[in-house]
Amino acid sequence: MQINGAQMVIEALIEEGVETIFGYPGGAIMNVYDEIYKQDKFHHILTRHEQAAVHAAEGYAKASGKVGVAMITSGPGFTNAVTGLADAYMDSIPLVVISGQVPMSLIGTDAFQEIDAVGISRSCTKHNYLVTRAADLPRVLKEAFYIAASGRPGPVHVDIPKDVTAEIAEFDYSVELDLETYKPHIKGNPRQIKKAIEAISNARRPLFYLGGGIINSNAADEVRDLVSKTGIPAVETFMARGTLSHDNKLLVGMLGMHGSYASNMAMSETDLVIALGARFDDRVTGKLSEFAKNAGVIHVDIDPASISKLVNADYPIVGDIKSVVKDMLEQVGRIDPKKYIQWRETISKFNELHPLMYHEDSDRLKPQWVIERVGELLGDSANISTDVGQHQMWTAQFYPFSRARQFISSGGLGTMGFGFPAAMGVKAASPEKISINFTGDGSILMNVQELMTAVEKKLPVINIILNNNYLGMVRQWQTLFYDKRHSETDLSVQPDFVKLAEAFGGAGYRVKTKEEFDAALKDAIKKDVVTFIEVSVERLENVLPMVPAGGSLFNMMLLGKKGDK
Amino acid sequence: MTENSERRVVSVIVVNESSVLSRITDLFSARGYNITSLTVAPIPESRYSRLTIVTSGSIRVIEQITKQLHKLIPVYRVYEHADLVEKEMALVKFPVSENITDISTLCEAYNGKIVNVGDNVIIAMVADEPKRVDNFLKIIQRYNPKEIVRSGAVALER
């Protein structure tokens, strides 16, 4: 079929089964938008900023497990999208981001809205393309979707000059991909798996260290099975929250800088770390030389470069988690769950000694209470997004997650402004679930313009703003490590969040008590419109436990007794 | 990374397409790896090019370099050489007033010769192992070289 480049983009998206894309038009991408106007196979959500378009595509991808798609124009359209690309790259989120570019004849002339887009995106994408002729488009787009979703997923950027979108060429999407240089390793080496099982059966205090790769690999069911059949306790990273249900007896909790005492102590005392799709991030390990000091390490990951990058793996297994865990399950009979009774008891004693908790010792509501309360009221019926900061850590600590893909947050890059647009993408992907975004008074203002998108496209995200009138996490570090010099973190001057939401056509609530909160949440769910619930919370609450940056996991700052300040 | 830092030679076979060289060099700069020298040329009768990169780092760093290079989509193979034949070329320009016989004899000892004689300058070429090229360049200092250019190393596994 002979069609132009813009029509090829549309046809490729349809062939890929894309139902929703997020974007913002502009000069260089207009030919494609003209074709979007003419079609009715997929839905376009116009965000009010390109960064939000990419974050929404990320939320959509994370909630649905499909490839998220964003479309933007050249120059500033593209540069606005870079934070989203970087965020998706750090968290291995499959995206295809299509940008317009100035016509081929103008490339390199400093033309209007020209920027070297592939030069910029090279270091924050899994792969990128500058398409120089329409004849290449079918292959490039097919490769882009394949590369984004396969192996260790990630964002792929496709930059298309305006004249290429007008050029006519043959479109045949049935072309076989010929990626001689890209062949992800799916199946784990059977000998290595056998050795790993043997190591597990010989260990006395083994510990599962579950990472975000499990969710990318859709392997949560298999991992739950493996954990329950072996009886080995498990800690989750921030990115893996929801892999095991909150009420799973073998789930110790989240580990790392703001992990629970029991999780961090278990990691410090284990004799065998079984890392599944985790990457030994510095926020997880603390001081590397003290991390799981006396333990052997089994490391399963689809990305060979993640293995032995920071911590040497004694049993490296390159492969897809789902495939490897399935293979492990076949040999699981060699592991006796009774062997670890004492180890499990040790861990529950850690937990009794310093459980994850907070004190209700303030006139204002405690942010942790709000999160727990939403968990009690909504539990599994909500998908939970967050922005970045204290509220994000409290959410990871206190929300009772019960399934994979329930928790959507910016882990690696830590992008403030991620939560609201991501929660819109989540809502677009799973409209049957309530979409909650826990956010802070700092983060919410970083993509607040998306109120307009949410109103227009009927994406009733409930933003719960835990307002402490501070840039809370920075304030916490200033309190602890900078002798309470709260430099530029006091956010006492604020907009009226209720009026702000209402100005865009959303609903706003200002809440100071538990009763008011319950009522506001119920009303917001009933109203079915984008909402700000501004909760006035204790200003100086800290996220605890805390392992100071670069410290050892077992040296935690813990919550003091009630009334201690 | 204070572990033993050693000189290493890595060969990379890549699809010969635009921007592939920047993908490689961006990776080195983004992850803080060194490039001592880099040569690149197409492999005859194929769609690939071969890069020879001389770098330095501990075993762990070199392992990471190899793995990270492999992750780049257009990278076909990465060889981290242990047993290899390695050669580098150098061109040196001398004033014609210097002792040409001496220079010519030295060049021969380093697998080279005088390749051009002009009105004011002569140009000599040597092609040898990089360490020996170092040596040659040290020795010829007394003949007042006006300009020196090195090609960077190329290597093949034995």
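Author: Start with strand β9 of chain A. Pro206(A), Phe208(A) and Leu210(A) point one way, Leu207(A) and Tyr209(A) the other, and all are buried. Buried is 20 or more other C-beta atoms within 10 Å of the residue's own, exposed 12 or fewer, partly exposed in between, with C-beta atoms placed from the backbone. Strands are DSSP runs of E, at least two residues, numbered from the N terminus.

Reader: Experimental or predicted? What cut-offs?

Author: This is a predicted model: local features need pLDDT of at least 70, side-chain atom pairs 80 or more, while totals for chains, interfaces and linings use all residues. Residues count from 1 along each chain as its sequence is written, and chains are lettered from A and ligands numbered from 1 in written order.

Reader: Why is β9(A) largely enclosed?

Author: Because 5 of its 5 residues, 206–210, are buried.

Reader: Which strands pair with β9(A)?

Author: Strand β12 (residues 272–276) of chain A runs parallel to β9(A), joined by 5 bridges. Tyr209(A) stands opposite Ala275(A) there. Strand β10 (residues 234–236) of chain A also pairs with β9(A) in the parallel sense, over 3 bridges. Phe208(A) has Ala234(A) as its bridge partner. Pairing needs at least two DSSP bridges.

Reader: Switching topic. How is chain A divided?

Author: Into domain 1 (2–170), domain 2 (190–353) and domain 3 (367–536). The bounds come from an automatic or database domain assignment.

Methods:
Helices (H or I, at least four residues) and strands (E, at least two) are DSSP runs, numbered from the N terminus.
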